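Here is a friendly walk through one model, with the helices as our guide. Please keep the sequence and the 3D view open as you read.

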Amino acid sequence: MDYLMNPFKRKEIWIKPFSEKVSKRVAKIPTMELEQWAEQATYEVGRCMSSYAKQRETVFLEEALLGAEALHAVVNELKVRTTRH
């Protein structure tokens, strides 16, 4: 379940750890591209964490977090696609 109902509004509340906007974009990307993107994003998150460990600058944590959130959305979409078949 991706949504919870808001008792005061008709719109459902998004409860995933990544934005609905990211989820909608990811849903439009072909599966092969998503798989390639997931591999690249995994590398980038690791690179940011390594840079943070060396330099202790929060910018690397912010970049890693953005990448991890997007990676989560991509992996979630891939899981949804594989369970549909």
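Let's begin with helix α2, residues 31-55: at 1.5 Å a residue, its 25 residues should span 36 Å, and its end C-alpha atoms are 36 Å apart, which agrees. The expected span is 1.5 Å times one less than the number of residues. Helices here are DSSP runs (H or I, at least four residues), numbered from the N terminus.

A word on the source: this is a predicted model, where local features need pLDDT of at least 70 and side-chain atom pairs count only at pLDDT 80 or more, while totals for chains, interfaces and linings use all residues. Residues are numbered from 1 along each chain as its sequence is written, and side-chain values use heavy atoms, with hydrogens and water left out.

Helix α3 (58-84) passes the length check as well: 27 residues should span 39 Å, and the end C-alpha atoms are 39 Å apart.

Which residues of α2 are buried? They are L34, A38, A41, V45, C48, S51 and Y52, where buried means under 20% relative accessible area with a 1.4 Å probe, protein chains only. These residues pack against α1 (20-27) and α3. In α3, the buried residues include F60, A64, G67, N76, E77 and R81, and the buried set of α3 packs against α1 and α2.

How do the two helices meet? Their axes, lines fitted to C-alpha atoms over the stretch in contact, come within 8 Å and cross at roughly 155°. Therefore α2 and α3 are roughly antiparallel to each other, a label used for angles over 145 degrees.

Now for the core. The largest nonpolar core has 9 residues: F18, V26, L34, A38, A41, L71, A73, V74 and L78. Such a core is a set of buried Ala, Val, Leu, Ile, Met, Phe, Trp, Tyr and Cys residues joined through side-chain atoms within 4.5 Å. The elements giving two or more residues to this core are α2 and α3, and α3 gives the most, with 4 residues. A38 touches L71 and V74, leaving aside residues up to four places away in sequence; contact means heavy atoms within 4.5 Å.

Finally, look at R56, in the loop between α2 and α3. Its phi is positive, about 55°, although R56 is not a glycine. Most residues other than glycine have a negative phi. R56 is exposed, with a relative accessible area of 56%; exposed means over 50%.

How values were computed. Axes fitted to C-alpha atoms, helices over the stretch in contact; angles between N-to-C directions. Parallel < 35°, antiparallel > 145°, perpendicular 65-115°, else oblique.
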